Amino acid sequence: MARTRRNIHSPAPSKALLVDNVSKSYGESPALDPVSLTVERGERVALIGHNGSGKTTLMRIAAGLLEPTDGTVGVCGNPSGSMPARASLSYIADQPTFYDDLSLWEHMEYVARLHGVDEWEQTAADLLGHLGIYDRADDMPNRFSRGLKQKSAIALGFIRPFDLLLVDEPFVGLDSSGKEALLELLSSASDDGATVVVATHELSFVHTVKRIVVLRDGRLVYDGGAEGIDVDRLVRTEDPAGEHDGEQQ
Amino acid sequence: MNSATVGIDALHAMRRERRRHRVADMEWYEALYRVYLAALIGGGAILYLSDLVTDSPLNAEQIRNLQAHTPHAVGLVVAVAVFMGLRSGANGGPLAVEDAEVRHVLMSPIDHGSALRHPAIQRLRTFMFSGAIAGGVANQLLGRRVPDAKAGLVAFALWGAVAGAIAGALFVISALLAHGLAVSRWLVTSCASALVAWQTAVTFGDSDIAGPFDFVGSMSMWWLRWSPIDLVGVSTVCALAFVGLRVTGRFSMEALARRSALVSQLKFAVTLQDIRTVVLLRRQLSQEYMRVKPWAKLPRVLKKDVVVARGLRSIMHFPARRLFRMAVFSVGSALALVTVWHGTTPMVVAAGLLLFVMGLDAVEPLSQEVDQPDRTDALPWERALLMTKHLVVPALVVVPFVVVGVAAAFVREPSISTIGYGFLIGFPAAWGGVAGAAVNAVKGAPDPVGGATEGLALPPEVSGMGTVLRAVWPPVISIVSCLPVIAVRETVSNGTQPVGAAVRSAGAVMIVLALVAGWVRQRDHIHAWFRNAQKQSALSSSQRTEGS
């Protein structure tokens, strides 16, 4: 359904996302302490943390929308924000943004063609149908409700090819059918070999991943397996790894 | 054809399509009506200002001074524009693309230079056009004061427009370069300050050294003399424009994303004439944050009154750049008032507006209070009394800036009487700036009794005029507060003792300011009374209808 893989002829680097000692400060306030993280190709990762923990900052740095104060980020072997990185990475932000003067269908065409996709119509129709907004294709997405905007943003994120998908709080505002549709799209992307990193607290997604990364107050406090993990406790506790080990014992 | 080329083709095609949409959706009658209104009001204003200055032709010595100093003085204006441009570039300017453009276009694999060059050219064009209008108007105003000029007013306007366009271009170009070359903010500020200092030194010092932007001022005088060396400067500007447009591809995505969100809000606020929101967004755009650590702790004696203490605490958190900016506004208004003293009456508007903008910074504690209507309504205080007490701190805060302004006026006009009249005229003028800004802040506060207010009782035509007056009268208060300088000037030209006129006119301004304070105190009562009268009128009207 979605064009999840870019047809790359050159040998693909094994690391989809390489975050090396990245920190970010806004004026005097640090948003992200030095964080290092590697995501291999084809992995599905849940990034979790409470409000202000640095999830969105990390995602925006990886997407090239923010510049790190220190450190480097590589996307499929290219510096984040560079043209090859932008070609490989699809970012669905927590706040959807649209043009005032384009319909949803025109948005789909524009984004697809900006990424060099000529045969986009069938994919767009499938995506919108899957998300249940095909009948709204000719409407202006800027006037949609929060949930419909979110669905539109998801459709735009999937209309283009990508190797790495970064999604920030995608389940917020979605109804149950929207959540199901998104979960299917994420699974389909993974099945196609794309790397998926989702910042969320949505248990239905967290239960499908093998790896969880937890941020708290800008620091990476847990990076490991997802099995048997109590997500809420992970976010709250001072030493989630220790707590988890204790529980296992 | 690679994907990047395909993407650029899609970008161009979609831009064409969107332009076509915009043109198709345009309400032509509405647009023409707006042009008509702008031409009527703008043309009327220019004619009015022109009439104001024709009554004072320059004498021979003044014309000699004009010829000697215009290149430096205009160059100083351009230096300030370049300063602002460089700072804007260091803060992520001058472009503000749509939020969706950042998300969808700039995050796609197409060359950023190709995507951003078009908006950069648009920005360049807009500033050159605005500069040309301003320069043309200014030079033709000058032309009216030059008796027996061989050139016609059209030549004055033409060369003024050329100089203004170059000044506008330099603003944008310097911003493009500072942003594209990722020059650090401290380096940009240092270089920009050095350029302004150089130009200031040649403007006010007796030196034969040319200033870096003298060529712009010199071009504004091509109605008198043609100087081929100025073309070197123009060529340099063209070369810099070329480089500036080339480096747009190196713009920071972070800065573009930040500005895209803020600028759309800024435009909306401007549409609503919401000056407070414009000020707040402007500060966010330039990343101007309050100091975390206050400049000083308040002594116990100043903490006695809770409102005054709150206001002073706010001032103690002012960042250095805001204090510096207030000082610059004060100096600018002082120099404008000196120019008024020398006969250029319209500069009183510039002086008033500068003090109004300075006042917007000074009334920050009051504005913060107005920004939190739920909080103020929950206090066991009469809101109007709270607002009135908040006027005390801004009135005190501007005192040192008056001293700075008088010092600047003394440098320009070194005479002991400058100090005396400076303080006599300067204090009411500065407080007028505070009063205008306070009115602007308070009138934006929500009405605690609720409901729409005065507009309801008025027919639509008058209501529209009322909206304009509501927007205009805060800066008008600031401008009116600067008028004593004209009274003093006229008294001197009539050969009478100016002290009396200065005291009387300053006193009149103080009465106006007292009325403004009274308005702040009684505003809610006045509105409640007005609403009550409306209800009574509606009630009696319905009773009459039932009776008949």
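In this predicted model, helix α5(B) passes helix α6(B) in a right-handed crossing. The two helices of chain B span residues 112–145 for α5 and residues 153–180 for α6, and they pack at an angle of about 145 degrees with their axes 5 Å apart. Sorted by class, the residues in the contact of α5(B) with α6(B) comprise 20 nonpolar, 10 polar and 1 charged.

Helix α12 (residues 306–316) of chain B and helix α15 (residues 364–371) of chain B have axes that come within 8 Å and cross at roughly 110 degrees. An angle from 65 to 115 degrees counts as roughly perpendicular, so α12(B) is roughly perpendicular to α15(B). The crossing of α12(B) and α15(B) is right-handed. On the α12(B) side the contact is made by Arg310(B), Gly311(B) and Ser314(B), and on the α15(B) side by Glu364(B), Pro365(B) and Gln368(B). By class, this contact of α12(B) with α15(B) has 1 nonpolar, 3 polar and 2 charged residues.

The largest nonpolar core holds 141 residues, of which Ala62(A), Leu164(A), Leu166(A), Val78(B), Val82(B) and Ala169(B) touch the most other members. Helix α6(B) gives the most to this core, with 18 residues. A second, separate core consists of 62 residues and includes Met358(B), Val370(B), Val393(B) and Ala409(B). Within chain A, the contacts of Leu164(A), not counting residues up to four places away in sequence, are with Ala16(A), Leu17(A), Val75(A), Cys76(A), Ser88(A), Leu89(A), Ala194(A) and Thr195(A).

One of these partners of Leu164(A) is Cys76(A), which lies in the loop between β4 (70–75) and β5 (78–79) of chain A. Cys76(A) has a positive phi of about 50 degrees although it is not a glycine. A residue is buried if 20 or more other C-beta atoms lie within 10 Å of its own; Cys76(A) has 24 and is therefore buried. A positive phi, of about 55 degrees, is also found at Asn21(A), likewise not a glycine. Asn21(A) belongs to strand β1 (residues 15–26) of chain A. With 12 other C-beta atoms within 10 Å, Asn21(A) is exposed.

Chain A as a whole contains 9 helices and 10 strands. Of its 249 residues, 49% count as buried. Among the contacts in chain A with a separation of 6 or more, 69% are accounted for by residues 24 or more positions apart. Asp33(A) is placed in strand β2 (residues 29–40) of chain A. Asp33(A) is partly exposed, with 16 other C-beta atoms within 10 Å. Leaving aside neighbours within four places in sequence, Asp33(A) is in contact with Ser23(A), Gly218(A) and Arg219(A).

Between the chains, 23 residues of chain A are in contact with 25 residues of chain B. On the side of chain A that touches chain B, the elements giving two or more residues are α2 (83–88) and α3 (104–114) of chain A. Helix α3(A) gives the most to this side, with 4 residues. By class, the side of chain A that touches chain B has 12 nonpolar, 6 polar and 5 charged residues.

In chain B, a cis peptide bond joins Gly93(B) and Pro94(B), with omega at about 0 degrees. Pro94(B) is located in the loop between α3 (60–90) and α4 (99–106) of chain B. Leu95(B) is also in the loop between α3 and α4 of chain B. Leu95(B) is buried, with 23 other C-beta atoms within 10 Å. Residues up to four places away in sequence aside, Leu95(B) touches Leu116(B), Pro119(B), Ala120(B), Arg123(B), Phe251(B) and Leu256(B). The C-alpha atoms of Leu95(B) and Ile121(B) are 10.0 Å apart in space, and the two residues are 26 residues apart in sequence.

Methods
Residues numbered from 1 in each chain as written. Chains lettered and ligands numbered in written order. Predicted model: local features only at pLDDT ≥ 70, side-chain atom pairs only at ≥ 80, totals over all residues. Contact = placed C-beta atoms within 7 Å. Nonpolar A, V, L, I, M, F, W, Y, C, P; charged D, E, K, R; others polar. Axes fitted to C-alpha atoms, helices over the stretch in contact; angles between N-to-C directions. Left-handed = near helix turned anticlockwise from the far one by under 90°. Core = buried A, V, L, I, M, F, W, Y, C linked by C-beta atoms within 7 Å. Parallel < 35°, antiparallel > 145°, perpendicular 65-115°, else oblique.
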